[in-house]
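Dear colleague,

I am passing on the structure we spoke about, and my notes on it follow below. Please read them with the coordinates open.

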Amino acid sequence: MAATLLSALLVEILIPVAALIGMVFALIQWFLVSRVSVGGGQASINNGYDQSLLDDEEGYDDAEAVALCAEIQNAISEGAESFLITEYQYLGIFMAVFSVFIFLFLGSVGGFSTKWVSCKANPSELCAPPLANALFSTVAFILGALTSTLSGYLGMKIATYANARTTLEARKGVGEAFIVAFRAGSVMGFLLAANGLIVLFIAIVLFKLYYGNDWTGLYESIAGYGLGGSSVALFGRVGGGIYTKAADVGADLVGKVERNIPEDDPRNPAVIADNVGDNVGDIAGMGADLFGSFAESSCAALVVSSISSFGADRDFVAMSFPLLISSAGIVVCLITTIFATDLFVIKSVKEIEPSLKRQLVISTVLMTLAIAAVCYLALPSTFTINVVGHQPKVVKNWKLFFCVGSGLWAGLIIGPVRDVADSCRTGAATNVIFGLALGYKSVIIPVLAIAVAIFLSFSLAAMYGIAVAALGMLSTLATGLAIDAYGPISDNAGGIAEMAGMPHKVRERTDALDAAGNTTAAIGKGFAIGSAALVSLALFGAFVSRAGIAVVDVIQPKEFVGLIVGAMLPYWFSAMTMKSVGKAALAMVEEVRRQFNTIPGLMEGTVKPDYKRCVKISTDASLREMIPPGALVMLTPLIVGTLFGSSTLAGLLAGALVSGVQIAISASNTGGAWDNAKKYIEAGASDHARSLGPKGSDAHKAAVIGDTVGDPLKDTSGPSLNILIKLMAVESLVFAPFFAAHGGIFFKWLNI
């Protein structure tokens, strides 16, 4: 095999340097956001600028409003931090218990032996003992879980730090507010991408000190990193999703429909909990989710390539190709961010959404060039990839350019659907019917895009091609996360403007930011689902290889039973998460009604509601309700693999993948369409929109009901499903040696 143009020493320098560049850039963005002061006094009102601020509404006191912004920001920040710390205490117990499971299950494969054994690929060489694999897989799992936890927490901190600052900047103009929100999102995006990369790289370097030339064992143990990341992401997504939607549904149904008061009205008891939910669900949950995708796609690519010519030849540069792609992505995203914050200044509302979409296009184009450079420099001209049950596939390095590029460009095609506002004219029923139909239809284009990427990647480079295609979709992770985090920050900014009594013009500007963020958030959800499909298939291929399965024949009864049960699991999981939201929302609705009915002067605005009571309801309900769906996902592969064997588990993973992707896209886009319809009517930005409004009209109430039904679909069940399919696949990969050695107890007992 020909040598690569990059040296191993240079690779060992480039990867951590790229991660450090991302961290430094994130800190610079944080510093720029911090220059907007939140507090009392004249300096905080003008924030160092000469522009005049809005003070045109009668009776409006800007200094008092600024002080209120700081107070509301503190309440949101404290609520979010309290929830995450409590959730992480639960997760700490889970991590400890599951770490023991990993060690015991994998250690039992070789009878907890510490003796080095003959390698399967080359019996003349020695490979690490099973006990080492158990120990290092456990350490990797803990590292992944801790990194995922840190990613979610940092995202929440910067979001709650920037929300009031975005509100204050909106007094000067929409452009200034946009820059604060986007820079804050960039902090999260770059910290997550850089932290994920540097921890994975350091783990590989340290593990290599023990494993030496046993590269297969090294990278198989690294798969635990992806398992840890996705385990935390599952509970973060489900718990955060239940929290935010319970508060959102309670606030909307009682406040907007029954009491006919504006969204985020300070008289609504659920309004603080609603804003807290945006941070713990849409920020912390999304951050942990996409970190999990990055970790799993990297691990899948490393495991598959370790049993191919890269691993056989101990080619560290070629093995590091997935990490070099992620490193290049950080630099590309840094350049792209400068376009948004410095080169193209937002001057009007209509420029917001095009600016965000331009970020996606610019990052994709630049990343395409970067991929070509990395393929040329870091890969040998020709290499081989092992294919289970077939002859090894000879691959040219230019073919991987198309594999990575197909995933990268497929990510642009998986986007949101538009509003269904017209259907609200005839009531909530037609709105729900139309939204469901549109959501089902929205599956077509994304699935075709994913199918093309899979076919092209597999044809060119087998399962390794699919793994790097997933990495391609995630290569611009920093920009994607910045855009996605921008939306909840803008949403919080609007809520703070309403609660602080800011002028109507400020709320119009934050609403415009939020509307654009709602569209790009839908892109982010599609992006997460699409990457999950590719990652899961790559992990599936790695599992099949590691479990020693030559062919997955769905006509055989063992595989078909797994297939049909696997296709059922996303429905079961969705039912559990939606019922959880419903139960939590019911408690919230009852509490909000109780406060409106029993607190004198609440509707008149002369007394404050009991915000903390609603925050507690959301917190308790989400922590309690996240456990059953989490247990379903975590225990299913263990039970099926142990009782029914690797073949049945392979069928289960295939069924869950195919079914889960369809439901996730449909649920996310259905909910997004209903949300768009509500915001379209509320904004009243066109003659058509005004003909459906105003707020409080029958059409608006129908839109609010549709949005309420769609909330758990788009923000809880839909996004959580992509973690379900990834997590079951990476868990199966980690436990594959145990299933291959001891699995199928039930069939063995029946002698089948």
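Contact here means that heavy atoms lie within 4.5 Å. On that basis, among contacts in the protein between residues at least 6 apart in sequence, 85% join residues at least 24 apart. Please keep in mind throughout that this is a predicted model.

As for the overall architecture, the protein has 23 helices and 4 strands. Its radius of gyration is 26 Å, close to the 27 Å that the globule rule gives for 752 residues, so the protein is as compact as a globular protein of that length. Taken along the principal axes, the box filled by the C-alpha atoms comes to roughly 85 × 55 × 40 Å.

Turning to burial and surface, 63% of the 752 residues count as buried, while the protein exposes about 26300 Å², of which carbon and sulfur atoms supply 66%.

Leucine 721 lies in helix H21, which covers residues 698-734, and because its relative accessible area is 0%, under the 20% cut-off, leucine 721 counts as buried. Leaving aside neighbours within four places in sequence, leucine 721 is in contact with Pro570, Phe573, Ser574, Gly660, Ile663 and Ala664. Serine 659, which is 62 residues away from leucine 721 in sequence, is 9.8 Å from it in space, C-alpha to C-alpha.

Notes
Residues numbered from 1 in each chain as written. Predicted model: local features only at pLDDT ≥ 70, side-chain atom pairs only at ≥ 80, totals over all residues. Heavy atoms only, no water. Helix = DSSP H or I, 4+ residues; strand = E, 2+ residues; numbered from the N terminus. Rg over C-alpha atoms; globule rule 2.2 N^0.38 Å. Buried < 20%, exposed > 50% of the residue type's maximum accessible area, 1.4 Å probe, protein only. Areas by Shrake-Rupley, 256 points an atom, 1.4 Å probe, with all protein chains shown as cover.
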